[in-house]
Amino acid sequence: MDKKYMPEPYKVKMVEPLRILQKEERVEAIKKAGYNTFLLNSRDVYIDLLTDSGTNAMSDRQWAGLMMGDEAYAGSDNWLHLKETVQSIMGFKHVVPTHQGRGAENLLSQVLVKPGTYIPGNMYFTTTRAHQEMNGGTFVDVIIDEAHISDKEDVLFKGNIDIKKYEDLINKVGAKNIPYICVGVTVNLAGGQPVSMKNLREVHELSQKHGIKVMFDCTRYVENAYFIKAREEEYKDKTIAEIVKEMFSYADGATMSGKKDGIVNIGGFLAMNDEDLYYKAAALVVVYEGMPSYGGMTGRDMEAFSIGLKEALDYNYIKHRIEQVEYLGNRLIEAGIPIVKPIGGHAVFLDAKKFLPHIPQSQYPAQVLAAEIYIESGVRTMERGNVSAGRNKEGKEYFPSLELVRLTIPRRVYSYAHLDYVAEAIINTYKRRDEIKGLKFSYEPPVLRFFTGKFEYI
Ligand SMILES: *Cc1c(COP(=O)(O)O)cnc(C)c1O
């Protein structure tokens, strides 16, 4: 039987009760958190759409895997399982385990990014760019222009690299000053937008011609593969595993946050084909993370991770996940709420500039919108706009074209009824949008300010 939205391809075996605060308590809680949803206590949150990172529900098989943890200091069985799983799914020769994605970004940036180099990428990601800059590199955005236009909905692969922009950069700074290109599959800050196989092939060809490495940020590679299957004609009959294999054939290596498409709560890795890069990264991992056979993860973590990587390739799993996101997005579109289109893979993004047109970007409309949604409903969301973008080397704010609030759907956690509640919360907030005022910083941290910054109403 065909349904528009596929029911959950799993059933509930264990439950975690939710609690919801009274409105006055929510007003107090968000004020105490400095109007930063990152600083709310989880116990004060009803439905948590802050992130899909590490918030996944593991399967019974993964929980069983935890019991199989081999906590030897070196060379545990679980490490071998994880390594072999990554090698067989992605086809890379070497794997360096890390505690999460940014651990891998740290190793990669320390080995390859030298002062004065340029790292092109399809839109920045917060931690990725921070590591590149801390090593003296400059991030250059080479995503297609359409990715910066929130309601440009006829572009099916809004995460694509603009080959012309990439080539122009090579001509301008010289290939020897570009250690690698970082390709996000999917692109988180563009709204979870995918990259086509055709584009990956072209990026690979151009990079090879110039001797530039292609490194994927493959945090959400299964979501990207699903979109390729759904939107790129020649892939419609291929399995997710086949598509994934081909995607990675166009990369020299990848950083991975297992907290996303690994369907676990912690974990990550850096993978590559190049032996020299492997030895350098493995020498650093012992300084920052742990032995090259655990990299900050316990044996049980690694077992759950390797099982999660395999489960994520199941077509029904990924179809349901993407459709949940689509369902929430379509409910908001029907109510006339401005969101990023097409709807992305892991989240629905509200366009805060259009939602709150009376608040200038210097007063952080997305930040205040996230706070107001919490006050309205107890639903926690996240700012992805001027606050997240931070400041450049001259201390100026970036004022990114996208000023968004992200409603991120954790994997296998919430039901369609929860999503209905979320949709109603947004619609109610939209109805009273004219009363909402802007914010200013009361405390601004020097880097990654969105995590711990505090605000007050103007
Ligand atoms: C989450 C994320 C990272 C960083 O991974 P962590 O596990 O949070 O350190 C890097 N890139 C993208 C696109 C991400 O979404």
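Helices and strands are DSSP runs, helices of at least four residues and strands of at least two, numbered from the N terminus. The exercises below use these labels on a model that is predicted.

**Exercise 1. Backbone exceptions**

Task: Determine where Phe399 lies, what its phi is, and whether Phe399 is buried, partly exposed or exposed; then treat Met123 in the same way.

Solution. Step 1: Phe399 belongs to the loop between helix H15 (386-389) and S12, and its phi is near 45°, a positive value in a residue other than glycine. Step 2: since buried means under 20% relative accessible area and exposed over 50%, the 41% found for Phe399 makes this residue partly exposed. Step 3: Met123, in the loop between strand S3 (118-121) and H5, also has a positive phi, of about 75°, although it is not a glycine. Step 4: with a relative accessibility of 10%, Met123 counts as buried.

Solution. Step 1: the bond from Val185 to Thr186 is cis, with omega near -10°, and Thr186 is placed in the loop between S5 and helix H7 (197-210). Step 2: another cis peptide bond joins Lys341 and Pro342, with omega about -5°, and Pro342 sits in the loop between H12 and S9.

**Exercise 2. Salt bridges**

Solution. Step 2: the pair links distant parts of the chain, with Lys341 in the loop between H12 and strand S9 (347-351) and Glu153 in the loop between strand S4 (138-141) and helix H6 (163-173), 188 residues apart. Step 3: Glu153 counts as partly exposed, because its relative accessibility is 47%.

Task: Are Arg411 and Glu223 buried or exposed, and which network includes them?

Solution. Step 1: the side chains of Arg411 and Glu223 meet in a salt bridge of 3.1 Å, N to O. Step 2: Arg411 is in the loop between strand S12 (404-408) and helix H16 (416-431), whereas Glu223 is in helix H8 (residues 221-231), so the pair ties together parts that are 188 residues apart in sequence. Step 3: both Arg411 and Glu223 are buried. Step 4: salt bridges that share partners join Asp52, Arg220, Glu223, Asp261, Arg321 and Arg411 into one network. Step 5: a search of the whole structure finds 34 salt bridges, among them the one between Lys152 and Asp154, whose closest N and O atoms are 3.4 Å apart. In that pair Lys152 is partly exposed at 28%, while Asp154 counts as exposed at 59%.

**Exercise 3. Cavities and pockets**

Task: How many cavities of 30 Å³ or more are counted, and which elements each supply at least two lining residues to the largest cavity?

Solution. Step 1: the count comes to three cavities of 30 Å³ or more, and the largest cavity has a volume of about 60 Å³. Step 2: its lining includes Glu105, Thr128, Tyr180 and Asp217. Step 3: helix H4 (101-112), helix H5 (126-134), strand S5 (180-184) and strand S6 (213-217) each supply at least two lining residues. Step 4: by class, this lining has five nonpolar, four polar and two charged residues.

Task: Which residues lie nearest the centre of the largest pocket, and how does its lining divide by class?

Solution. Step 1: the largest pocket has a volume of about 1500 Å³. Step 2: of the 38 residues that line the largest pocket, Met14, Glu16, Ala57, Arg412 and Val413 lie nearest its centre. Step 3: the largest share of this lining, three residues, comes from H2. Step 4: the lining divides into 16 nonpolar, nine polar and 13 charged residues.

Notes. Residues are numbered from 1 along each chain as its sequence is written. This is a predicted model: local features need pLDDT of at least 70, side-chain atom pairs count only at pLDDT 80 or more; totals for chains, interfaces and linings use all residues. Side-chain values use heavy atoms; hydrogens and water are left out. On a 1 Å grid over the protein atoms alone, a cavity is a set of points where a 1.4 Å probe fits but cannot get out, and a pocket is an open set with protein on both sides within 12 Å along at least five of seven lines; lining residues have an atom within 4 Å of a point. Grid points are joined across faces, edges and corners, and a volume is the space filled by probe spheres set on the points. Ala, Val, Leu, Ile, Met, Phe, Trp, Tyr, Cys and Pro count as nonpolar, Asp, Glu, Lys and Arg as charged, and the others, Gly among them, as polar. A salt bridge is a side-chain nitrogen of Lys or Arg within 4 Å of a carboxyl oxygen of Asp or Glu. Buried means under 20% relative accessible area, exposed over 50%, partly exposed in between (1.4 Å probe, protein chains only).
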